[in-house]
Amino acid sequence: MAETKDYDVIIVGGGPGGLCAGLYSARANRKTVCLEKYLPGGQIAVTGDVEDYLGFERIQGSELAMKFASHAQSFGLEVQMEEVEEVYVDGDYRIARCASGNLYRGKAVIISTGGSPVFLNVPGEKEYSGKGVSYCAICDGAFFKEQVIGVVGGGDAAVEEGTFLTKFASKVYIIHRRDQLRAQKIIQQRAFDNDNVEFIWDTVVEEIEGDGTRVTNLKLKNVKTDEKSNLAVGAVFPYIGFKPNSGITREKLETDEGGYIITDHTMETSVKGIFACGDVRAQLVRQITNAVGDGTTAAVAAEKYIEKLEDKHAKRA
Ligand code: NAP
């Protein structure tokens, strides 16, 4: 049966930002719940090796995710498997309504719902995710030293990250469905000037193949001639867009043109008592390191917000 449950702080999304916020809130003796629709960890739970998180020279993403969750839970954070459908304001309460019908009622909400890469949706993409299919060149590029890498897309991300990947790869092929790039001219020029970047125009990836443990081949199709071909690669990075999961609030939060939530320096959004942290927030980089920093700030700011709220209620009483 659906229930209404009361907390001090409700965290929506259990990635590194949300779990770190949960650690700080629970450690401050606030009754805190983190609502996550899958397993805790967010994107890192499905990332292969992580080697750019300070203190861990190399660790499996799933192992790091478990460490984050168990650390936060050791201070009393409750983690519930719930899909949040809507967050809204009801007087001094901030409510998260879940697909289960449960309502979580808090004094503050921290949104750490991250974002999702747009998927190619071709056979092999899911199967080889973390085994040569990656959506993060900064995180995973170094695993493919001296290998041939395929990058898909023609926007800023594909062309910029494709050029970046030549730091590691012997050759990068940027596979684009048209014969013109969407990327900014300066980003295009850097790629054209790089001998290790080659473009494959008017072409889509139809299938990602592998040997069961890692990616080995891309099946391609030229959309103008229908000609099919194979490209032997050690990895493929689809960069065909990234969508922040920022649309769950009933009250419209201020966002940038890409839909990322704009916060002030305390991580507070344009709605009082609703904070945001991690990849869903408008900022320069989207790494584990800054997500946990955001989470820390959001939890401390939420604590200060709740203290003020409680003072206001005490004065009224
Ligand atoms: P984007 O600009 O939307 O580009 C996506 C690219 O993927 C387009 O070239 C598109 O082709 C292609 N594409 C889309 N769906 C596809 C599919 N199903 N199969 C094959 N190709 C497909 O996305 P983005 O590059 O991730 O950039 C997102 C936003 O971040 C943009 O506003 C961008 O300017 C910004 N950004 C800026 C920088 C920078 O300034 N340094 C770096 C990264 C991102 P078409 O061109 O044919 O539509």
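Predicted model: local features only at pLDDT ≥ 70, side-chain atom pairs only at ≥ 80, totals over all residues.
Local features need pLDDT of at least 70 and side-chain atom pairs count only at pLDDT 80 or more, whereas totals for chains, interfaces and linings use all residues. Residues are numbered from 1 along each chain as its sequence is written, and side-chain values use heavy atoms, with hydrogens and water left out.

Strand β9 (residues 103–106) has Y104 and G106 on a covered face and L103 and R105 on an uncovered one; strands are DSSP runs (E, at least two residues), numbered from the N terminus. Strand β1 (residues 4–6) runs parallel to β9 and is joined to it by three bridges, with K5 partnered by Y104. Strand β8 (residues 93–98) runs antiparallel to β9, with four bridges, and R94 has G106 as its bridge partner. Strands pair if DSSP finds at least two bridges between them. Four residues separate β8 and β9 in their hairpin, where G101 takes a positive phi near 100°.

E57 lies in the loop between β4 (49–50) and β5 (59–60). Its relative accessible area is 75%, so E57 counts as exposed (over 50%, with a 1.4 Å probe and protein chains only). Apart from neighbours within four places in sequence, E57 is in contact (heavy atoms within 4.5 Å) with V50 and E51.

The lining of the second largest pocket divides into three nonpolar, eight polar and four charged residues; Ala, Val, Leu, Ile, Met, Phe, Trp, Tyr, Cys and Pro count as nonpolar, Asp, Glu, Lys and Arg as charged, and the others, Gly among them, as polar.

Terms used:
Buried < 20%, exposed > 50% of the residue type's maximum accessible area, 1.4 Å probe, protein only.
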